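Please work through the exercises below with the structure open beside you, trying each task before you read its solution.

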Amino acid sequence: MNRQAQAVVLFLFGGAILKASLTDLYLNYVKESLRPFIVAAGAALVVAAIMTIWYDLRGTPEQHEDDGHDHGHGHHEPRVGWFLILPVLALLLVAPPALGSYTAGQSGTVQLSAESDYPPLPAGDPAVIGLLDYASRAVYDDGRSLDGRRVQMTGFVSVGDDGVPMLARIVVSCCAADGRPIKVGLTGGPLVDVPAGTWLQVTGRYTAQRGKDPVNKADIAYVEVEQWQPVNPPKQQYE
């Protein structure tokens with residue numbers, strides 16, 4: 001692998017990052033707020049690759065003379081460097097999807113943390129909230145801020161070892177590498193009989209029922225389902 005080949009791989013890598021960051025593909029891997037940094041990183045790699053090729057092709061008369069003397073004895077990096085192109089092709093041709101039901105089934109639910117004061121639910125009936133917000137209010141606020149209100153949550157179906165479906169979503173702090181599932185149990189209402197990984201919009205009310213995650217024994221809040229319907233995955237699949 002000579003310098004020009006290195007530059008080509010660098011260009012492809014930067015192009016793949018730009019392709020992901022200028023579309024919604026990047027949301028499968030990082031938080032939305034990181035987009036400007038990813039665009040800047042991809043652009044920097046592309047510019048570095050172009051400058052490397054330009055410098056190598058331009059050269060100087062002395063460099064060309066030396067190249068002629070060293071013909072057949074050029075210095076090359078190990079061929080293993082070509083393996084660097086594999087993740088580039090994977091991102092360009094077969095982009096990995098966002099974390100979903102498999103991750104939720106293999107990982108324990110997020111360890112909830114209490115807040116000193118829970119603000120009122122959003123206006124509207126039902127109130128649209130996230131799974132993490134609902135679970136935290138249900139477990140640590142004993143549902144006081146949920147009492148008397150209908151809530152609407154969106155997530156995918158996760159099925160535990162017992163075959164009972166739950167509503168889940170992946171929570172990230174920075175990127176998919178630190179993603180952990182938040183799970184909410186479903187009780188009452190019409191039976192949820194769709195495959196794992198199906199995205200649902202669930203409307204229901206708070207219930208004091210609790211459960212334990214079989215993976216890490218963390219508390220799982222439940223919601224009493226009034227109705228549910230399949231929906232398309234949201235643009236931002238992580239909480």
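This is a predicted model: local features need pLDDT of at least 70, side-chain atom pairs count only at pLDDT 80 or more; totals for chains, interfaces and linings use all residues.

**Exercise 1. The overall layout**

Task: Find how many helices and strands the protein chain has, and describe the pattern they follow along the sequence.

Solution: Begin by counting, which gives six helices and six strands in the protein chain. Next, read along the sequence, where the elements follow the pattern α-α-α-α-α-β-α-β-β-β-β-β. Finally, turn to the burial of residues: of the 239 residues in the protein chain, 37% are buried.

**Exercise 2. How helix 1 meets helix 2 and helix 4**

Task: Determine whether helix 1 is roughly parallel or roughly antiparallel to helix 4, and then whether helix 1 and helix 2 are roughly parallel or roughly antiparallel.

Solution: Two packed helices are described by the distance between their axes and the angle between them. For helix 1, which covers residues 3-21, and helix 4, the axes come within 9 Å and cross at roughly 30°. Because angles under 35 degrees count as roughly parallel, helix 1 is roughly parallel to helix 4. Now take helix 2, residues 35-58, whose axis comes within 8 Å of the axis of helix 1, with a crossing angle of roughly 155°. Angles over 145 degrees count as roughly antiparallel, and therefore helix 1 and helix 2 are roughly antiparallel to each other.

**Exercise 3. A nonpolar patch on the surface**

Task: Identify which residues form a nonpolar patch on the surface, and decide whether valine 80 is buried or exposed.

Solution: The patch is formed by Val80, Phe83, Leu86, Leu89, Leu92, Leu93 and Val94, which together have about 700 Å² of accessible area. To place one of these residues, find valine 80 in the loop between helix 3 (61-69) and helix 4 (85-93). The relative accessible area of valine 80 is 53%, and since exposed means over 50%, valine 80 is exposed.

**Exercise 4. Following the salt bridges**

Task: Starting from glutamate 226, find which side chains meet it in a salt bridge, and then name the residues that are joined into one network.

Solution: Side chains of opposite charge can pair when their charged atoms come close. A search of the whole structure finds ten salt bridges. One of them is between arginine 150 and glutamate 226, at 3.1 Å from N to O. This pair links distant parts of the chain, for arginine 150 lies in strand 2 (residues 150-159) and glutamate 226 in strand 6 (residues 219-230), 76 residues apart. Glutamate 226 also meets arginine 205 in a salt bridge, at 2.9 Å from N to O. Here too the pair links distant parts of the chain, with arginine 205 in strand 5 (residues 199-212) and glutamate 226 in strand 6, 21 residues apart. Both glutamate 226, at 35% relative accessibility, and arginine 205, with a relative accessible area of 35%, are partly exposed.

A further salt bridge joins the side chains of lysine 212 and aspartate 219, at 2.7 Å from N to O. Lysine 212 counts as exposed at 55% relative accessibility, whereas aspartate 219, at 30%, counts as partly exposed. To complete the task, salt bridges that share partners join Asp125, Arg150, Arg205 and Glu226 into one network.

Methods
Residues are numbered from 1 along each chain as its sequence is written. Side-chain values use heavy atoms; hydrogens and water are left out. Patches are made of residues with over 30% relative accessible area and no salt bridge: like charges are joined within 9 Å, nonpolar side chains (Val, Leu, Ile, Met, Phe, Trp, Tyr) within 5 Å. Accessible areas come from the Shrake-Rupley method with a 1.4 Å probe; for residues, only the protein chains shown count as cover. A salt bridge is a side-chain nitrogen of Lys or Arg within 4 Å of a carboxyl oxygen of Asp or Glu. Helices (H or I, at least four residues) and strands (E, at least two) are DSSP runs, numbered from the N terminus. Buried means under 20% relative accessible area, exposed over 50%, partly exposed in between (1.4 Å probe, protein chains only). Axes are lines fitted to C-alpha atoms, for helices over the stretch in contact, and angles run from 0 to 180 degrees between N-to-C directions. Angles under 35 degrees count as roughly parallel, over 145 as roughly antiparallel, 65 to 115 as roughly perpendicular and the rest as oblique.
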